[in-house]
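Please read the points below with the model open beside them. They move from the overall fold to the confidence of the prediction, and then to a few individual residues.

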Amino acid sequence: MQKVERMMKALTSSGICMDTTAAQPYLYQLTHQRNQLLAQVAEQRGGQLGRAEVASAHFDNSQDDQAQIRSERELEFALNEHELVALQAIDDALKRIQEGVYGLCVTCGVSIAPERLHAAPQALRCVACQTTFESTQTH
Ligand SMILES: [Zn+2]
């Protein structure tokens, strides 16, 4: 909570940007998501694999026995990686709020639809660019 206030102060004193007021709900949402994520990580580091069921969806494609045996270790690794990516995305979005460019597509520069930001406040691209971006990623 203190961190939010400090961030808000930094925003209002920065002098930049029309959009800080509009970005405030997202700032709260992102900060909340970040706290939740960190709380989850803390819980897992406490020795619990409580989110194993959620994460097991990632391993649906590994049907062979070897994968089954390895899955528990890989699960932990995958979760960490996933969490890091998620955290990075949230931090990037928070940084973009501070820079006054939040809500603008990083690829084409248009304003991202508010509905999209409400659903995914850490979104960096408009739907069109995200679709293109994802289609260029090889899995
Ligand atoms: Zn775009």
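**Note on the predicted model**

1. From the N terminus on, the elements of the chain follow the order α-α-α-α-α-α, which amounts to 6 helices and 0 strands. Helices (H or I, at least four residues) and strands (E, at least two) are taken as DSSP runs and numbered from the N terminus.

2. Residues are numbered from 1 along each chain as its sequence is written. This is a predicted model, in which local features need pLDDT of at least 70 and side-chain atom pairs count only at pLDDT 80 or more, while totals for chains, interfaces and linings use all residues.

3. The average pLDDT of the chain (the predictor's confidence in each residue, from 0 to 100) is 75, and 59% of the residues score at least 70. Confidence is highest in helix α6 (residues 127–136), with a mean of 95, and lowest in helix α3 (residues 52–55), with a mean of 47.

4. A contact here requires that the C-beta atoms of two residues, placed from the backbone, lie within 7 Å.

5. Of the 139 residues in the chain, 12% are buried. A residue is buried if 20 or more other C-beta atoms lie within 10 Å of its own, exposed if 12 or fewer, and partly exposed in between, with C-beta atoms placed from the backbone. Among contacts between residues at least 6 apart in sequence, 55% join residues at least 24 apart.

6. Leaving aside residues up to four places away in sequence, A23 touches I97, Y102 and G103, and its C-alpha atom is 8.8 Å from that of G100, 77 residues apart along the chain.

7. H118 belongs to helix α5 (residues 114–119) and counts as exposed, because it has 12 C-beta neighbours inside 10 Å. H118 and Y26 are 92 residues apart in sequence, yet 7.4 Å apart in space, C-alpha to C-alpha.
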